[in-house]
Amino acid sequence: MTARDEEDQAYDAALVSLYRATAAEAPSRRLDDAVLAGAAAEIRRARYMPWAALAATLLIAAMLAPAVKSRLSTSYDHEATEEYLLQVQAPITPDQAADPAEAYLLELPPAGAKS
Amino acid sequence: MSMAQLIAFPLGPFGLGATPANDAGGRDLSSLSDEALMFRWRDGELDAFRVLYRRHRASLHRYVLRMTGAVAEAEEVFQDVWMAVVRSRDSWSPLAAFRTWLFSIANRRLADRSRKRARRFNELFAAPIDDEATSLPAAPEPDPAEAAHASQLGQALLAAIGALPLDQRQAFLMQAEGGLTLDEIAAASGVGRETVKSRLRYANQRLRRDLEAWR
């Protein structure tokens, strides 16, 4: 490094120092307030958000409660249900067939049975 | 949700969860690193953000002021950058130094604005710095004659910086204003280290040349 280079480097450093001493602008109070207010609003939003979510959940639960309650309180008729299931599960006889073709098919012996 | 938020949660809506200026051990927040403050801000500590803001507000403001060359535009960008810091509270992670991250946000915002205006980046920022940006007084000096000379030289320096091509001005200001290292400038401006080195070299050469009369 030549003496000139060293001199230039020192001068560059001096310019940076001079720049730092000269450039004294700062943001206005209004700008500071706006940024800090934005940060405070963000914190408030974060703090209130769980409460808002909780309130919304409770509101929905309260709205759905009557429907759920009526559904749960409906009596269950065991006998009627059993009778219905027996009807559904009982084999269909030829006289219950919807048309002659179905009656014919129902009269056929099951597959694999010896005639 | 962090432990601090969980603790603050039941009291927050009633205004009782305000955080103290010092931490639990009575330690002054201003002694903490940027990254430690950012962690605290992530946990919902507003005072940590205040300290962080106070620490970097002036340098970032001067940086965007010199990059835009207009006070009103600089204020918009400045506020935009800090709001980005505020909003990225939850997502921030210490992948880079806070300063580097802050200046890279500023660079992105500056680039966005130039794209929106549909102008070339250099054309936009090569505009001369307005009077308000350059005519602010220098720090007072004890000797009036020396102070006058320093002030005049300072104003000439600011004008010379304002006349630098954008990429050189960006590199020079990130070093002079933000105190960023070569690697940090490279990361914040999205170019290689060697590119930053040459930009700084050209910037210094040009400033030397422009201020030759004062030397």
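Colleague: Why do helix 3 of chain B and helix 4 of chain B count as oblique to each other?

Modeller: In this predicted model, helix 3 (residues 46-68) of chain B and helix 4 of chain B pack at about 140 degrees, with their axes 9 Å apart. The pair is therefore oblique, because angles under 35 degrees count as roughly parallel, over 145 as roughly antiparallel, 65 to 115 as roughly perpendicular and the rest as oblique. The axes are lines fitted to C-alpha atoms, for helices over the stretch in contact, and the angles run from 0 to 180 degrees between N-to-C directions.

Colleague: Got it. Which residues of helix 3 of chain B and helix 4 of chain B meet?

Modeller: From helix 3 of chain B there are B:Y53, B:L60, B:H61, B:V64, B:L65 and B:T68, and they meet B:V71, B:E73, B:A74, B:V77, B:F78, B:V81 and B:W82 in helix 4 of chain B. Two residues are in contact if their C-beta atoms, placed from the backbone, lie within 7 Å. By class, this contact has 10 nonpolar, 2 polar and 1 charged. Ala, Val, Leu, Ile, Met, Phe, Trp, Tyr, Cys and Pro count as nonpolar, Asp, Glu, Lys and Arg as charged, and the others, Gly among them, as polar.

Colleague: Left-handed or right-handed, the crossing of helix 3 of chain B and helix 4 of chain B?

Modeller: That crossing is right-handed. A crossing is left-handed if the near helix is turned anticlockwise from the far one by less than a right angle, and right-handed if clockwise.

Colleague: And at what angle do helix 3 of chain B and helix 5 of chain B pack?

Modeller: Helix 5 (residues 98-116) of chain B packs against helix 3 of chain B at about 30 degrees, and their axes are 11 Å apart. These two helices are therefore roughly parallel to each other, and helix 3 of chain B passes helix 5 of chain B in a right-handed crossing. The contact involves B:H56, B:L60, B:Y63, B:V64, B:M67 and B:T68 of helix 3 of chain B, together with B:L102, B:F103, B:A106 and B:L110 of helix 5 of chain B. Its residues divide into 8 nonpolar, 2 polar and no charged.

Colleague: Stepping back, how many helices and strands does chain B have?

Modeller: Chain B has 11 helices and 0 strands. Helices (H or I, at least four residues) and strands (E, at least two) are DSSP runs, numbered from the N terminus. Of the contacts in chain B with a separation of 6 or more, 64% are between residues 24 or more positions apart.

Colleague: What share of the residues in chain B is buried?

Modeller: Buried residues make up 35% of the 215 residues in chain B. A residue is buried if 20 or more other C-beta atoms lie within 10 Å of its own, exposed if 12 or fewer, and partly exposed in between, with C-beta atoms placed from the backbone. Take B:A187, in helix 10 (residues 182-189) of chain B. B:A187 counts as buried because it has 20 C-beta neighbours inside 10 Å.

Colleague: Nice. Which residues is B:A187 in contact with, leaving aside its neighbours within four places in sequence?

Modeller: Those are B:A96, B:T100 and B:S104. B:T100 is 87 residues from B:A187 in sequence, and their C-alpha atoms are 7.1 Å apart in space.

Colleague: Changing topic: how many helices does chain A have?

Modeller: Chain A has 4 helices and 0 strands. Of its 115 residues, 9% count as buried.

Colleague: What is the mean pLDDT of chain A?

Modeller: The mean is 84, and 97% of the residues of chain A reach 70 or more. pLDDT is the predictor's confidence in each residue, from 0 to 100. Within chain A, helix 3 (residues 78-89) has the lowest confidence, at a mean of 83, and helix 2 of chain A the highest, at 87. For this predicted model, local features need pLDDT of at least 70, side-chain atom pairs count only at pLDDT 80 or more, and totals for chains, interfaces and linings use all residues. Residues are numbered from 1 along each chain as its sequence is written, while chains are lettered from A and ligands numbered from 1 in the order in which they are written.

Colleague: Now the two chains together. How many residues does the contact take from chain A and from chain B?

Modeller: It takes 30 residues from chain A and 35 residues from chain B. On the side of chain A that touches chain B, the largest share, 15 residues, comes from helix 2 of chain A. By class, that side of chain A has 21 nonpolar, 2 polar and 7 charged residues.

Colleague: At roughly what angle do the axes of helix 2 of chain A and helix 4 of chain B cross?

Modeller: They cross at roughly 20 degrees and come within 10 Å. That makes helix 2 of chain A roughly parallel to helix 4 of chain B.
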